[in-house]
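Please walk me through this structure, step by step.

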Amino acid sequence: MKKIRILIDMLMTIFFIILMGYFITGNKVHEILGTIFCTIYHS
């Protein structure tokens, strides 16, 4: 269980860094990753 939590934390960190680069990813990717990020964060 601890390994899964570490993996989720790593993915959330990567998504967050990508979300910060809105001008690089564009609107569509930004919105999709934002939705995934919120879903993972609230689980």
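In helix α1, M12, F15 and L19 are buried. Buried means under 20% relative accessible area, exposed means over 50%, and partly exposed lies in between, using a 1.4 Å probe and protein chains only. Seen down the axis of α1, the buried residues fall within an arc of 65 degrees, so they line one face of the helix. That arc is taken from the directions from the helix axis to the C-beta atoms. An α-helix has 3.6 residues a turn, so residues three or four places apart point the same way.

On its other side, K2, K3, M10, I17 and M20 are exposed. K2 has a relative accessible area of 67%. I8 also belongs to α1, but I8 is partly exposed, at 24%.

Some ground rules come next. This is a predicted model, in which local features need pLDDT of at least 70 and side-chain atom pairs count only at pLDDT 80 or more, while totals for chains, interfaces and linings use all residues. Residues are numbered from 1 along each chain as its sequence is written, and side-chain values use heavy atoms, with hydrogens and water left out.

What does the chain contain? It has two helices and zero strands. Both kinds of element are DSSP runs, numbered from the N terminus: helices are H or I with at least four residues, strands are E with at least two. α1 covers 2-20 and α2 covers 22-41.

How far does each helix reach? α1 has 19 residues and runs 27 Å from its first C-alpha to its last, close to the 27 Å expected at 1.5 Å a residue. The expected span is 1.5 Å times one less than the number of residues. α2 bends by about 80 degrees at K28. The bend at a residue is the angle between axes fitted to the seven residues ending there and the seven starting there.

Next, see where the helices meet. The buried residues of α1 pack against α2. L19 shows this in detail. Leaving aside residues up to four places away in sequence, L19 touches H30, L33, G34 and F37. Contact means heavy atoms within 4.5 Å.

The largest nonpolar core has five residues: M12, F15, L19, L33 and F37. A nonpolar core is a set of buried Ala, Val, Leu, Ile, Met, Phe, Trp, Tyr and Cys residues joined through side-chain atoms within 4.5 Å.

Other parts of α2 lie open. I24 sits in α2 and is exposed, with a relative accessible area of 65%. I24 and F37 are 13 residues apart in sequence and 18 Å apart in space, C-alpha to C-alpha. K2 and G26 are 24 residues apart in sequence and 34 Å apart in space, again C-alpha to C-alpha.

Finally, step back to the whole chain. Its C-alpha trace spans about 35 × 15 × 10 Å along its principal axes. Buried residues make up 14% of the 43 residues.
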